Amino acid sequence: MRILVVEDDAPLAEVLRRGLTEDGYATDVVAKLVDARNAVEVNDYDLVVLDRGLPDGDGRDLCAEMRESGRHTPVLMLTARDGLGDKVEGLDAGADDYLTKPFDYPELTARIRALLRRPAEAQTPILSHGTLEMDPAARRVSRSSITIPLTAREFALLEVLLRQPESTHARTDLLERVWDANYDGLSNVVDVHVANLRRKLDLPGMDDPIETIRGVGYRLRPVNA
Ligand code: CA
């Protein structure tokens, strides 16, 4: 899951970047409307956290532009103002939810989870493939009902595979969806995490659920094949 945070308050932006990254979201942060426009143009986000009061304009305008151009990415709007008018304006511009500053971080993540759950997750809360099961809302993974503890990154990686079980995912695609646009760490980070994931999912008598597609990337091993 990939999130764009548009927030010009640097300390708050840093708290959000750190918290969301720890929670396993690939998180990009920008401080200006012009950079946010560019980011939503170039990247495919699952959610946008959007401050209204930005140095070069009102976040509400970006939300309205996204809706006009047919982008339905959930938008959680942040507003420093507490007036009912601001909330109504935000929702009128196409925001899915709003949060008034100051807010507690758990409140923000609860709203984010709720927004990401609908509509796809609301209909199929449990993702499964063969003996593998994932409950994204409870952040729980199991094989044949044996719970397997995963790190936030491993969880996010497996979630991408489980949401498109038939697709082969290129390393660059996984890197982009599970890490973020500015990731400049080890280039084999995807392979390292897939190896860890395989080790944890390897239970006695069960096959490796992840297939390496040589020269391309990874996918889930087809069931009954
Ligand atoms: Ca602001």
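What is the order of the strands in the open sheet of four strands? The order is S8-S9-S10-S11, with antiparallel pairing. This is a predicted model, in which local features need pLDDT of at least 70 and side-chain atom pairs count only at pLDDT 80 or more, while totals for chains, interfaces and linings use all residues. Residues are numbered from 1 along each chain as its sequence is written, and side-chain values use heavy atoms, with hydrogens and water left out.

**View 1. The open sheet of four strands, S8-S9-S10-S11.** Helices (H or I, at least four residues) and strands (E, at least two) are DSSP runs, numbered from the N terminus. Two strands pair if DSSP finds at least two bridges between them. Strand S8 (127–129) and strand S11 (146–147) are the edge strands, each pairing on one side only. Four bridges connect strand S9 (residues 132–135) with strand S10 (residues 140–143) in the antiparallel sense, and Met134 stands opposite Val141 in S10. In a regular strand the side chains alternate between the two faces of the sheet.

**View 2. Ser144 and Ser145 in the loop between S10 and S11.** Ser144 is not a glycine, yet has a positive phi of about 45°. Ser145, not a glycine either, has a positive phi of about 70°. With a relative accessible area of 38%, Ser144 is partly exposed, whereas Ser145 at 70% counts as exposed (buried means under 20% relative accessible area, exposed over 50%, partly exposed in between; 1.4 Å probe, protein chains only).

**View 3. The hairpin of S13 and S14.** Strand S13 (residues 210–213) runs antiparallel to strand S14 (residues 217–220), and four bridges join them. Ile210 stands opposite Leu220 in S14. Three residues lie between the two strands, and Gly215 in the turn has a positive phi of about 75°.

View 4. Asp8, in the loop between S1 and helix H1 (10–22), and Gly53, in strand S4, are 45 residues apart, a pair that links distant parts of the chain. Asp8 counts as partly exposed at 35% relative accessibility, and Gly53 counts as partly exposed at 42%.

**View 5. Helix H2 (residues 33–42) and its buried residues.** Leu33, Ala36, Ala39 and Val40 are buried. Seen down the axis of H2, these residues fall within an arc of 120°, so they line one face of the helix; the arc is that of the directions from the helix axis to the C-beta atoms. The face turned away from the buried side carries the exposed residues Glu41 and Val42. What covers the buried residues includes strand S1 (2–6), strand S2 (26–30), strand S3 (47–51) and helix H3 (59–68), where contact means heavy atoms within 4.5 Å.

**View 6. The cis peptide bond from Lys101 to Pro102.** Its omega is near -5°. Pro102 is found in the loop between strand S7 (97–100) and helix H5 (105–117).
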